[in-house]
Amino acid sequence: MEWKCCWNKSVIEPTDCPNIGEGEEILFSSLQRRVIEKCVDCPLFADDLKTLRESGHPLAAVLPLVVAELQEQRSRLQSMVGFLDSKDREIKFLHEISLVLQTSVDLDEVLSVVMTAITAGKGFGMNRAFLLLTDKERKHLRGYLGVGPRNYGEAWSIWEEISRDDFTLKEMAKNFYQTKFTSEKQKFHDILENLTVPLAEHDHILVRALREKKPLLVENAFHNPGCDYSLTQTLGVDTFLITPLVSRNRRIGVIISDNCVTNKPITPQDVQSLETFAFPVAFAIERASLYERLQEELLKVTAANVKLKEQQELIVRMERMALVGKITSSIAHSIRNPLMIIGGFARTLLKGTDEGDPRRQYLESIVREARQLDEVLDEVLSYSDSLYPTLDSWDVNQLVSTGCRELDSRLQERRIACRLRLDAELPAARIDYKQVSFCLRSILTSGMDRMPDGGEIVIETRLEGEWIVVEVRDTGRPASASGMDASSSFAPPRELGGGLGPEVCKTIMEKHGNILIIETPPEGGARYLLKLPVNREEEPHGTTVGG
């Protein structure tokens, strides 16, 4: 019996089988593979089976069954190979994404990778995705980020751009993070604002998906009684997928994805793939969030350490100044007694001296210098007293007015105008009167020293939140940097009667919770902001102690 097909030949020539193509030359010498891969589908082989059946051969009834089973098994095998290939691509894709997620602790960068992977054609290929995260108090799900087009025109533009750039998934995520992250947030701002759900609403579909820890494919959403209508209206689609993000039993958030432009059905394979993807995503987001909180706490600790160091330095300075204060107080008291005797004798002699007496000029000089030295001793003793404050409730406007009156004669001598702009509605301040008064006089004296040819000093009081602000401005010459240095207790020597200076006042104020800000522009003049705490212990209608 002569056969048309080559199934009965161990080795064939290229002209014997028209079904063997380029690259399949091995089939010329492999009978088993040739029969399985080519002959069972060959029309000539079907003719041979027909001939065999017509001849009445006993195998004629069996061979078609074997061939049919072989074709079915081969079809299953090909389907399985296709499935394994798709799984292999998915595993490689997830591995690539996981590596990218593991290398970043920046939350926004992690989210860029996640959302790009969900919406990119080289990823899961969804048209649009929204990310909702639980807040720090774990009380609400809040819309954080949306990615994708809002209409077909925008979608077409995005697809053209992707086709033109031909980026890898990793490059697409990096480009999104650097150029589009903020704009995408703003683009979906209206939708994200409406995607806020209290976690206490256990019947809400988003909370239910998070609680049950499994994805929910929502279909026919507008007529689905289990789906919140406001959520469906916000999204504007009838079908969407909710994928929960859970890491170690901690609820991180949910991802809502849909195909709002192409209306492509969301398949069970899509659901399964996104569910697998959700595990590394939840872990990466949690890690990035924890790192972000760690950075915040680190900044707080660093700021606290800086503040502690400043306080330690302040304590050292104050201890050093306290020692100086004790010494200067002792010296001042020792000097004052003989000084009073010298001044008293000089004034007595001056009264008994005629106008034309040549000794009168010397006596006047002694009286003048004794008075000036007595003022210096007053300042030294006031400074010593200020190191041991007594806090009480005081009227700041009265304190300012009194300080100006005490310096009025010196201001007039130097042709300096002092203008007061006082807020009559100021509450009382809890301060040490002597301490603040001493600092105010020192500030005014410092300004006077820088205005030898006259000028103007403006003092203004006002309320700013929990602080009473005393602002002092003058038109004096530019102050040197060294003149405002508060780092040393031993300030440079000054002219007698010139005061201890703002640098010491700053240290005194800061020691007891007050604030002194000094601004010295190079063009001249100075601005002092003295901030004093409002007395909250005072009764609403009570009188001001000491005021």
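Biologist: Before we start, what should I know about the model and the numbering?

Modeller: It is a predicted model, in which local features need pLDDT of at least 70 and side-chain atom pairs count only at pLDDT 80 or more, while totals for chains, interfaces and linings use all residues. Residues are numbered from 1 along each chain as its sequence is written, and side-chain values use heavy atoms, with hydrogens and water left out.

Biologist: Okay, in what order do the five strands of the open sheet come?

Modeller: The order is S8-S10-S11-S13-S12, with mixed pairing. Strands here are DSSP runs of E with at least two residues, and helices are runs of H or I with at least four, both numbered from the N terminus; two strands pair if DSSP finds at least two bridges between them.

Biologist: And which strands stand at the edges?

Modeller: Those are S8 (416-421) and S12 (515-519), and because each has a single partner strand, one side of each is left without a neighbour in the sheet. On average, neighbouring strands of this sheet are turned by 15° against each other, direction ignored, where axes are lines fitted to C-alpha atoms, for helices over the stretch in contact, and angles run from 0 to 180 degrees between N-to-C directions.

Biologist: How many bridges join S12 to S13?

Modeller: Five bridges join S12 to S13 (residues 526-533), and the two strands run antiparallel. They form a hairpin with six residues between them, and glycine 524 in the turn has a positive phi of about 120°. Isoleucine 517 stands opposite leucine 529, while glutamate 519 has arginine 527 as its bridge partner.

Biologist: Which helix lies across S8, S10, S11 and S13?

Modeller: That is helix H13 (residues 396-406), which runs at about 170° to S10; contact means heavy atoms within 4.5 Å.

Biologist: Back to arginine 527, what does its side chain meet in a salt bridge?

Modeller: It meets glutamate 471, at 2.8 Å from N to O; a salt bridge is a side-chain nitrogen of Lys or Arg within 4 Å of a carboxyl oxygen of Asp or Glu. The pair links distant parts of the chain, with glutamate 471 in strand S11 and arginine 527 in strand S13, 56 residues apart.

Biologist: Is glutamate 471 buried or exposed?

Modeller: Glutamate 471 counts as buried at 5% relative accessibility, whereas arginine 527 is partly exposed at 25%. The cut-offs are under 20% relative accessible area for buried, over 50% for exposed and partly exposed in between, with a 1.4 Å probe and protein chains only.

Biologist: Which residues are in the network that includes Glu471?

Modeller: Salt bridges that share partners join Glu460, Arg462, Glu464, Glu471, Arg473, Glu519 and Arg527 into one network. The structure holds 28 salt bridges.

Biologist: Changing topic, how many aromatic pairs are there?

Modeller: There are eight, where rings of Phe, Tyr and Trp (its six-membered ring) pair if their centres lie within 6.5 Å, and planes under 30 degrees apart count as stacked, over 60 as edge-to-face and the rest as tilted. One of them joins phenylalanine 222 and tyrosine 229 edge-to-face, at 6.4 Å centre to centre with 70° between the planes. Tryptophan 394 and tyrosine 433 form a tilted pair, with centres 4.5 Å apart and 45° between the planes.

Biologist: Where do tryptophan 394 and tyrosine 433 lie?

Modeller: Tryptophan 394 is in strand S7 (residues 392-394) and tyrosine 433 in helix H15 (residues 433-449), so the pair ties together parts that are 39 residues apart in sequence.
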